Amino acid sequence: MLDVIHTIEGNASLFECGLDHGSECLIQQVVPEAGRQMEQYLKNKKNYELAGQFKGMD
């Protein structure tokens, strides 16, 4: 799944803030690790696995 996202969006971080709030910004301190964890999760997921999670939700 991560390959699909990178193909569409490029290799930029999934969570990127274009603003510089400074080193005291708690969000900018947490976001890089959240992005790494999300990329690791998506790297290990197949498209059919994610699609199966949404089956029957409509």
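The following conversation goes through a predicted model of a protein.

Biologist: Where is confidence lowest, and where is it highest?

Modeller: Helix H3, residues 47–54, is lowest with a mean of 73. The highest value belongs to H2, at 84.

Biologist: Let us turn to packing. How do the axes of H1 and H2 lie?

Modeller: The axis of helix H1 (residues 2–9) comes within 7 Å of that of H2, and the two cross at roughly 115 degrees.

Biologist: Which residues make that contact?

Modeller: H1 contributes Leu 2, Ile 5 and His 6, while H2 contributes Glu 39, Leu 42 and Lys 43. By class, three of the residues in this contact are nonpolar, one is polar and two are charged.

Biologist: Staying with charge, how many salt bridges does the count come to?

Modeller: The count is one salt bridge. Its partners are the side chains of Arg 36 and Glu 33, at 3.2 Å from N to O.

Biologist: Where do Arg 36 and Glu 33 lie?

Modeller: Both are in helix H2, three residues apart, which is about one turn of the helix.

Biologist: How far is the C-alpha atom of Gln 28 from that of Glu 16?

Modeller: The separation is 8.9 Å, for two residues that are twelve apart along the chain.

Biologist: For the whole protein, what share of residues counts as buried?

Modeller: Of the 58 residues, 14% count as buried. The accessible surface comes to about 5000 Å², and carbon and sulfur atoms account for 57% of it.

Biologist: Finally, what share of the contacts joins residues at least 24 apart?

Modeller: Among contacts between residues at least 6 apart in sequence, the share is 50%.

Key
Residues numbered from 1 in each chain as written. Predicted model: local features only at pLDDT ≥ 70, side-chain atom pairs only at ≥ 80, totals over all residues. Heavy atoms only, no water. Buried < 20%, exposed > 50% of the residue type's maximum accessible area, 1.4 Å probe, protein only. Contact = heavy atoms within 4.5 Å. Areas by Shrake-Rupley, 256 points an atom, 1.4 Å probe, with all protein chains shown as cover. pLDDT = per-residue confidence, 0-100. Helix = DSSP H or I, 4+ residues; strand = E, 2+ residues; numbered from the N terminus. Salt bridge = Lys/Arg side-chain N within 4 Å of Asp/Glu carboxyl O. Axes fitted to C-alpha atoms, helices over the stretch in contact; angles between N-to-C directions. Nonpolar A, V, L, I, M, F, W, Y, C, P; charged D, E, K, R; others polar.
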